[in-house]
Amino acid sequence: MTTNQSFQASREWWSQRWLDLLDSYRFKKRLERGRNYARQGNILNIKFEGSQVLARVQGTDPEPYKVSLSLEKFDDEQWGYVVETMSQKAVYAAKLLAGEMPQNIEEIFTANGLSLFPFTLSEVKSHCSCPDKANPCKHVAAVYYQLGDRFSEDPFVLFQLRGRTKDEVLTSLREFRSKEEKSKVKSQKLKVKSQNFPIPDSRTGGFGNPPLPTPSFWQYNESLDPSLVVIAPSLSGETILDVLGEIPVAELETDEADRGDATASGIVQKYLTDIYQQASQQAAIAAMSTG
């Protein structure tokens, strides 16, 4: 048989918090009868109308009893502070927008002088149509325990009991986040503007400089000081042909005695090397004779 402790240990923290609240009630026999009602399936239906919980519970009479539960709602100003605080905490905002309830969400409410959970059952407003004058009666108590299951399925029910649906909270949170992002961008723009940084102009190619002479950009028409011009071969001695490596070409269809040990690739490589050396010499001569 499952004990009360193991039953509670399997709950999420928000459900556990609610059960702890029920366990703090001193008339435990009354709640025990309500728990049995909930386990026996006497709650025919349960729904939300705004922040109020409405249920129909089958009792001893043929006609089910009507039960209503509610908590004190937070007003618009209080919810505004709560959502603003949520938006300033990246971890909270990310989890909430992903549809998850953060483990320490109650810290957000506490920071604004509020409590998400009631401290005692006396803060839970309840009514039942049964003739029992005690409150909570076993029908109300049954709905208490059913709410614990609802919290496990959808912890955002807690927000609804305090006057805001999940969609309303997330919509407000997105709006706050959007305002904060726009404010950051505006602040950065003002900071840049206050520092008087020059703004590049695409038409001038720089920070207020005249347009670039694109066709003659790489030309220099003035004479160079010969002492500043050094023409020398590569220090490594490598040419572009060395970098490219062996050139793959088809073998020549000639008699082996005619070409000796030379391969087709080697012949082509030697031919290109000769041309490269001649071109390099002519380029060096032309450069040294300039100016």
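**Sheet, helix packing and buried residues in a predicted model**

Mentor: The protein chain contains 12 helices and four strands; helices (H or I, at least four residues) and strands (E, at least two) are DSSP runs, numbered from the N terminus. The model is predicted: local features need pLDDT of at least 70, side-chain atom pairs count only at pLDDT 80 or more, and totals for chains, interfaces and linings use all residues. Residues are numbered from 1 along each chain as its sequence is written, and side-chain values use heavy atoms, with hydrogens and water left out.

Trainee: What percentage of the residues of the protein chain count as buried?

Mentor: Buried means under 20% relative accessible area, exposed over 50%, and partly exposed in between (1.4 Å probe, protein chains only). Of the 291 residues in the protein chain, the share that counts as buried is 30%.

Trainee: Which residue in β3 stands opposite Leu54?

Mentor: Strand β2 (residues 52-57) and strand β3 (residues 65-70) run antiparallel and are joined by five bridges. Opposite Leu54, the residue in β3 is Ser68.

Trainee: Which residue in β4 is the bridge partner of Ser70?

Mentor: Four bridges pair β3 with β4 in the antiparallel sense. For Ser70, the bridge partner in β4 is Lys125.

Trainee: Which residues make up the uncovered face of β4?

Mentor: In a regular strand the side chains alternate between the two faces of the sheet. The covered face of β4 holds Ser126 and Cys128. The uncovered face of β4 is made up of Lys125 and His127.

Trainee: Why is β3 largely enclosed by the rest of the structure, and how many of its residues are buried?

Mentor: The strand in question covers residues 65-70. It is described as largely enclosed because the count of buried residues in β3, out of six, is five.

Trainee: At what angle do helix α3 and helix α7 pack?

Mentor: Contact means heavy atoms within 4.5 Å, and the residues that meet include Arg30, Leu31 and Tyr37 in α3, with Lys138, His139 and Tyr145 among those in α7. The axes of α3 (residues 28-39) and α7 (residues 138-153) are 7 Å apart. Helix α3 and helix α7 pack at an angle of about 65°.

Trainee: Is the crossing of α3 and α7 left-handed or right-handed?

Mentor: A crossing is left-handed if the near helix is turned anticlockwise from the far one by less than a right angle, and right-handed if clockwise. The crossing of α3 and α7 is right-handed.

Trainee: Is Thr85 buried or exposed?

Mentor: Thr85 lies in helix α4 (residues 76-88). Leaving aside neighbours within four places in sequence, Thr85 is in contact with Ile108 and Asn112. Because its relative accessible area is 14%, Thr85 counts as buried.

Trainee: What is the relative accessible area of Met101?

Mentor: Met101 lies in the loop between α5 (90-97) and α6 (106-111). Not counting residues up to four places away in sequence, Met101 touches Trp13, Trp14, Leu96, Pro155, Phe156 and Phe159. Met101 is buried, with a relative accessible area of 7%.

Trainee: What distance separates the C-alpha atoms of Leu96 and Lys166?

Mentor: Leu96 has its place in helix α5 and is buried, with a relative accessible area of 0%. Beyond residues up to four places away in sequence, Leu96 touches several residues, among them Met86, Met101, Leu170 and Leu173. Leu96 and Lys166 are 70 residues apart along the chain, and their C-alpha atoms are separated by 9.3 Å.

Conventions. Pairing = 2+ DSSP bridges. Axes fitted to C-alpha atoms, helices over the stretch in contact; angles between N-to-C directions.
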